[in-house]
Amino acid sequence: MFKSTLSKILLGLFFGILILLFSNQFYRLRGKAEIPEELKTDLKLLGEKALETKDVPVAAIVTYFDTVVGVGYNTVRRHHNFGGHAEINALSDAYNRFGDEFSNLDRSQLVLYTTFQPCDMCKGAIIQNRIKNVVFDLNKPIGEQLAAQLKSWRYEVQKKRFDSPGLQESLFLQHLITPIKSKA
């Protein structure tokens, strides 16, 4: 009985780890998306702009109801900004066009097109902005994806909190929109 239960637990752990390792591969099950030639041309031109400053030639476009509302390309070297990825720049451009109303747009009608599978930073921005539809051209090699997954796990294991009672809470309480309730 104990051996059988242990076997099931180990098998469950094994499959759980496999799912975690390959969760970023689910897109392969959905098939390929077709995108308009005009978007492909625009993505190519944006990627070429990145090449002007030897940035990685990645481009991104955000559409809303099939209308382009944000464009971006890698500007890490151009602007000396680690966050200057194409997807972040395209989302920032869309936000600049809509302002605070960007958060009220129908998320089912927003699509982010990018020439390269988004990195973890860009994926975080996509998730934070509730962008549900992401279409990319070239996927990262499986080894690079697995390495990124392992780095993410290492981050989770190694992160620490520091103890400074009330520091962040006091800052939130000074902000107009606060995610926490005052203890008062």
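The model is predicted, so to speak of local features we need pLDDT of at least 70, and side-chain atom pairs count only at pLDDT 80 or more, while totals for chains, interfaces and linings use all residues. Residues are numbered from 1 along each chain as its sequence is written, and side-chain values use heavy atoms, with hydrogens and water left out.

How many aromatic pairs does the structure hold? There are 4. Rings of Phe, Tyr and Trp (its six-membered ring) pair if their centres lie within 6.5 Å; planes under 30 degrees apart are stacked, over 60 edge-to-face, and the rest tilted.

Take tyrosine 64 and phenylalanine 98, an edge-to-face pair with 6.3 Å from centre to centre and 80° between the planes. Tyrosine 64 belongs to strand β1 (residues 59-64) and phenylalanine 98 to helix α4 (residues 86-98), so this pair ties together parts 34 residues apart in sequence. Helices (H or I, at least four residues) and strands (E, at least two) are DSSP runs, numbered from the N terminus.

Are these two buried or exposed? Tyrosine 64 counts as buried at 17% relative accessibility, and phenylalanine 98 as partly exposed at 29%. Buried means under 20% relative accessible area, exposed over 50%, partly exposed in between (1.4 Å probe, protein chains only).

Next, tyrosine 95 and phenylalanine 102 also pair edge-to-face, at 6.3 Å centre to centre and 85° between the planes. Tyrosine 95 is partly exposed at 37%; phenylalanine 102, at 2%, is buried.
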